[in-house]
Amino acid sequence: MHKILVVVDMQNDFITGALGNEDCKKVVSKVVDVIRTGDYDEVYLTRDTHSDDYLNTQEGRKLPVVHTQVDTQGWQIHTDVMQAVNDTYESGKIHMINKPSFGSMELLNVIKNLAKKYAIDGLQVDFAGVCTGICVISNVLPAKMAAPEAIVRVIAHACACVSPESHRTAIEAMRTCQVDIVE
């Protein structure tokens with residue numbers, strides 16, 4: 001079985017920056033622990049990526065908090081997360097995906113192609129990161145759609161959201177859609 005880990009938006013702005021909170025700070029060490037298992041053939045890290053005109057976009061009008069602007073400190077993956085990835089995996093096994101919205105079409109295509117490539121051996125896609133109720137779920141459910149025979153899992157203890165309630169709600173929604181939830 002080919003196993004990949006998708007680390008969703010573990011960026012400074014979601015941890016200690018403009019949209020950070022205590023739950024997201026606490027989940028950093030749990031994401032690092034998942035990475036350091038070395039259980040994966042590849043690791044994909046997504047970065048929420050915005051430009052200077054963010055406040056003029058639909059998302060910016062609905063969430064008027066400037067964040068994850070390209071090439072800023074807030075846009076960077078948290079140092080502990082990047083260190084764990086670089087210490088655990090060879091550079092050719094690490095992939096970065098910049099996404100301009102909650103979900104990533106690029107990631108969806110990667111998962112679809114991996115599902116075809118590993119149709120006989122099988123594919124497992126594990127997700128960890130922030131924000132469970134927005135960016136995590138926006139990538140998990142399309143992954144399930146793109147690779148319906150793959151094992152799609154969310155590592156719940158290695159995810160966090162804007163509140164514990166929104167985290168639990170997203171986890172239950174994904175469970176209802178036959179995503180495996182790893183507690």
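This is a predicted model: local features need pLDDT of at least 70, side-chain atom pairs count only at pLDDT 80 or more; totals for chains, interfaces and linings use all residues.
I'll start with the helices. Two packed helices are described by the angle between their axes and the distance between the axes. Take helix H6, residues 132-146, and helix H7, residues 164-176. Their axes are 9 Å apart, and the packing angle is about 15°. H6 is therefore roughly parallel to H7. The crossing of H6 past H7 is right-handed. On the H6 side, the residues in contact are Thr-132, Gly-133, Val-136, Ile-137, Val-140 and Leu-141, and they meet Ser-166, His-167, Ala-170, Ile-171, Ala-173 and Met-174 of H7. Sorted by class, that contact has eight nonpolar residues, four polar ones and no charged ones.

H6 also packs against helix H5, residues 105-117. Here the angle is about 35°, and the axes are again separated by 9 Å. H5 and H6 cross in a right-handed sense. H5 contributes Leu-107, Leu-108, Ile-111 and Lys-112, while H6 contributes Asn-139, Pro-142, Ala-143 and Ala-146. In the contact of H5 with H6, six residues are nonpolar, one is polar and one is charged.

The next pair is helix H2, residues 22-36, with helix H4, residues 79-88. The angle is about 5°, with 9 Å between the axes. So H2 is roughly parallel to H4. Val-28, Val-31, Val-32, Ile-35 and Arg-36 of H2 touch a set in H4 made up of Asp-80, Val-81, Gln-83, Ala-84, Val-85, Asp-87 and Thr-88. The contact of H2 with H4 divides into seven nonpolar, two polar and three charged residues.

Now the cysteines. A disulfide is a covalent bond between the sulfur atoms of two cysteines.

On to the backbone. Most residues other than glycine have a negative phi, and most peptide bonds are trans. There are exceptions to show here. The peptide bond joining Val-130 and Cys-131 is cis, with omega about -10°. Cys-131 sits in the loop between strand E4, residues 123-130, and H6.

Asp-9 is not a glycine, yet its phi is positive, about 50°. Asp-9 belongs to the loop between E1 and helix H1, residues 12-15. Asp-71, also a residue other than glycine, has a positive phi near 65°. Its loop runs between helix H3, residues 58-62, and H4. Is each of these buried or exposed? Asp-9 counts as buried, because its relative accessibility is 0%, whereas Asp-71, at 63%, counts as exposed.

Last, Lys-3. This residue is in strand E1, residues 2-8. Lys-3 counts as partly exposed, because its relative accessibility is 30%. Which residues does Lys-3 contact, leaving aside neighbours within four places in sequence? They are Asp-39, Tyr-40, Asp-41, Glu-42 and Gln-124. Arg-47 is 44 residues from Lys-3 along the chain, and 21 Å separates their C-alpha atoms.

Methods:
Residues are numbered from 1 along each chain as its sequence is written. Side-chain values use heavy atoms; hydrogens and water are left out. Axes are lines fitted to C-alpha atoms, for helices over the stretch in contact, and angles run from 0 to 180 degrees between N-to-C directions. Helices (H or I, at least four residues) and strands (E, at least two) are DSSP runs, numbered from the N terminus. Angles under 35 degrees count as roughly parallel, over 145 as roughly antiparallel, 65 to 115 as roughly perpendicular and the rest as oblique. A crossing is left-handed if the near helix is turned anticlockwise from the far one by less than a right angle, and right-handed if clockwise. Contact means heavy atoms within 4.5 Å. Ala, Val, Leu, Ile, Met, Phe, Trp, Tyr, Cys and Pro count as nonpolar, Asp, Glu, Lys and Arg as charged, and the others, Gly among them, as polar. Buried means under 20% relative accessible area, exposed over 50%, partly exposed in between (1.4 Å probe, protein chains only).
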